[in-house]
Amino acid sequence: MILADMTARGFEHVPGALIWTVIVIVYLITLIAMAGKWKVYRKAGEAGWKSLIPFYCSYIDYRISWDAKMFWAYFICSLTGSLIIGTSTYLALAAVILLVISFCISFVQDYKMAAAFGYGIGFALGLIFFRPLFTIILGFGRSRYRGPA
């Protein structure tokens, strides 16, 4: 009965409109975050287009904030852990350990990225939990690149 009343009042388009509104907002935030990442790279002396290539931009992130070798440690731990997670019990335990190590490396990299622009642990937590917003702040804010931390 309630559904029939809502349809009679013209509410049948609300769910579709709401979905499209959310899609447009997410799309705009993504575009602004991409522009922010481009600006972060420019501040660090890298070409902005490097922020658009998925695997390569992660490598550049590590190079900007820490050391490129740590990217390879992170990549190997993540890949190996992901590949062996569904195997035997002993290998699954090793996979979990490797994945925890990769998460720790990622968190330290976020801290080092914040420190490379003169921010502390609070900003690093922002990068961990609200990456698009804090990338926009890094890119469009007044912070200057200080070199790898």
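Does Thr135 count as buried or exposed, and what is its relative accessibility? Thr135 counts as buried, at 8% relative accessibility. The model under review is a predicted one, and the points below place this residue and several others within it.

1. **Overall fold.** The protein chain contains seven helices and zero strands.

2. **Dimensions.** The radius of gyration of the protein chain is 21 Å, whereas a compact globule of 149 residues would have one near 15 Å. Along the principal axes, the C-alpha atoms fill a box of roughly 65 × 50 × 30 Å. The student may wish to keep both descriptions in mind when turning the model.

3. **Burial and surface.** Of the 149 residues of the protein chain, 31% count as buried. The chain exposes about 9,700 Å², and carbon and sulfur atoms supply 73% of that area.

4. **Charges.** The protein chain has 13 positive and 6 negative charges. The mean position of the positive charges and that of the negative charges are 15 Å apart.

5. **Cysteines.** The count of disulfides comes to zero. Cys57 is in no disulfide, and the nearest cysteine sulfur, that of Cys77, is 19 Å away. A disulfide requires two cysteine sulfur atoms within 2.5 Å, so this distance of 19 Å excludes one for Cys57. Cys77 is likewise in no disulfide; for this residue the nearest cysteine sulfur is that of Cys104, 10 Å away. As to accessibility, Cys57 counts as buried at 11%, and Cys77 counts as buried at 13%.

6. **Thr135.** This residue has its place in helix α7, which covers residues 131–140. Its relative accessibility is 8%; because buried means under 20%, Thr135 falls in that class. Leaving aside neighbours within four places in sequence, Thr135 is in contact with Ala33, Gly36, Lys37, Val40 and Leu127.

7. **Phe117.** Where is Phe117 placed? Phe117 is in the loop between α5 and α6, the latter helix being residues 121–129. With a relative accessibility of 2%, Phe117 counts as buried. Residues up to four places away in sequence not being counted, Phe117 touches Val40, Lys43, Leu138, Ser143, Arg144, Tyr145 and Arg146. Phe117 and Phe107 are 10 residues apart in sequence, and their C-alpha atoms are 16 Å apart in space.

8. **Ile29.** This residue lies in helix α2, residues 14–43. Its relative accessible area is 42%, so Ile29 is classed as partly exposed, the range between 20% and 50%. Which residues does Ile29 touch, not counting those up to four places away in sequence? They are Pro132 and Ile136. Ile29 and Pro148 are 119 residues apart in sequence, with 27 Å between their C-alpha atoms.

9. **Ala35.** Helix α2 also holds Ala35. Ala35 has a relative accessible area of 32% and is partly exposed. Its C-alpha atom is separated by 8.8 Å from that of Gly48, a residue 13 positions away along the chain.

10. **Ser106.** Helix α5, residues 89–116, includes Ser106. Leaving aside neighbours within four places in sequence, Ser106 is in contact with Tyr62 and Tyr74. What distance separates the C-alpha atoms of Ser106 and Ile128, which are 22 residues apart along the chain? The separation is 8.8 Å.

Notes
Residues numbered from 1 in each chain as written. Predicted model: local features only at pLDDT ≥ 70, side-chain atom pairs only at ≥ 80, totals over all residues. Heavy atoms only, no water. Helix = DSSP H or I, 4+ residues; strand = E, 2+ residues; numbered from the N terminus. Rg over C-alpha atoms; globule rule 2.2 N^0.38 Å. Buried < 20%, exposed > 50% of the residue type's maximum accessible area, 1.4 Å probe, protein only. Areas by Shrake-Rupley, 256 points an atom, 1.4 Å probe, with all protein chains shown as cover. Lys, Arg positive; Asp, Glu negative; His and termini not counted. Charge placed at Lys NZ, Arg CZ, Asp CG, Glu CD. Contact = heavy atoms within 4.5 Å.
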